[in-house]
Amino acid sequence: MLGHVMTSLAVLLDDALTTATELPGGHQIPDPYAVQREVVDLRLARGETIAGVKLGLTSKAKMQQMGVDSVIWGWLTDAMRIEDGGVLDLAARIHPKVEPEVAFLVRDGAVAAVAPALEVIDSRWLDFKFTLDEVIADNTSAAGFVVGSWQPLPSGLGDLEVRLLLDDEVAETGSTAAILGDPLTAFAEALRLAGTLEDDWIVLAGAATAAVRVGPGQSVRVEVAGLGAASLKASS
């Protein structure tokens, strides 16, 4: 019976994704990561492939807000990828937000390169409100990502300035230190949580600032000191 309940919730979340409609919350979810995997398996059954993993709640402020002391994680698929400078299709989203991140390229289970990145988050839960279990089941609100140009791993990633621009105006500023103190710590957490990281997978280390809501025709750009920039533009 429990497995049937989890499968039913996975189907509801997948329907919310594919139809861009909100799903009312208030669910008791005994094993949210099992639901998450079923949600992802439904995407894979449609022909998508795993592109990597992402972390969430990597800042102390977000952990305190959700009442937890550890990060959460989810899956990235190839269908979520948006080319640098590409278009975010708003018709396929519910209430998308964008946050600045650091991305890692995986080779032999280790970091091969690093890049500035943007993650699009788009909770399938009504009004972007959810419990911890609900956001995990919803694949941590994963909806899209942009990766800038890959760079060799620098000597330090722990305190690089991060700026998030909306229509060329600075919307948020922060530091890579907000990502578990150092994004490399987040990479180690991703490896621990996922168990294995395949070659050419991407790891999104977590948000360096608060997310911003993006509307029709708006452009979003992340700038990370020493790493470069990445951007997207929302459809009209």
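Predicted model: local features only at pLDDT ≥ 70, side-chain atom pairs only at ≥ 80, totals over all residues.
The lining of the largest cavity is made up of L13, L17, V39, R43, M80, R124, D138 and N139. Two elements, α1 (2-19) and α2 (32-45), each give two or more residues to this lining. By residue class, the lining of the largest cavity divides into 4 nonpolar, 1 polar and 3 charged residues. Leucine, valine and methionine count as nonpolar, and L13, L17, V39 and M80 are among the lining residues. Arginine and aspartate count as charged; the lining includes R43, R124 and D138.

The strands considered next belong to an open sheet. This sheet has 5 strands in the order β3-β12-β11-β7-β8, and its pairing is mixed. Strands β3 (86-88) and β8 (169-175) form the edges, each pairing on one side only. On average, neighbouring strands of the sheet are turned by 25° against each other, with direction ignored.

At the β8 edge of the sheet, the pairing partner is β7, which spans residues 161-166. Strands β7 and β8 pair in the antiparallel sense, over 6 bridges. Within this pairing, V162 stands opposite G174 in β8.

Notes: Residues numbered from 1 in each chain as written. Heavy atoms only, no water. 1 Å grid on protein atoms, 1.4 Å probe; cavity = no way out; pocket = protein on both sides within 12 Å on 5 of 7 lines; lining within 4 Å. Helix = DSSP H or I, 4+ residues; strand = E, 2+ residues; numbered from the N terminus. Pairing = 2+ DSSP bridges. Axes fitted to C-alpha atoms, helices over the stretch in contact; angles between N-to-C directions.
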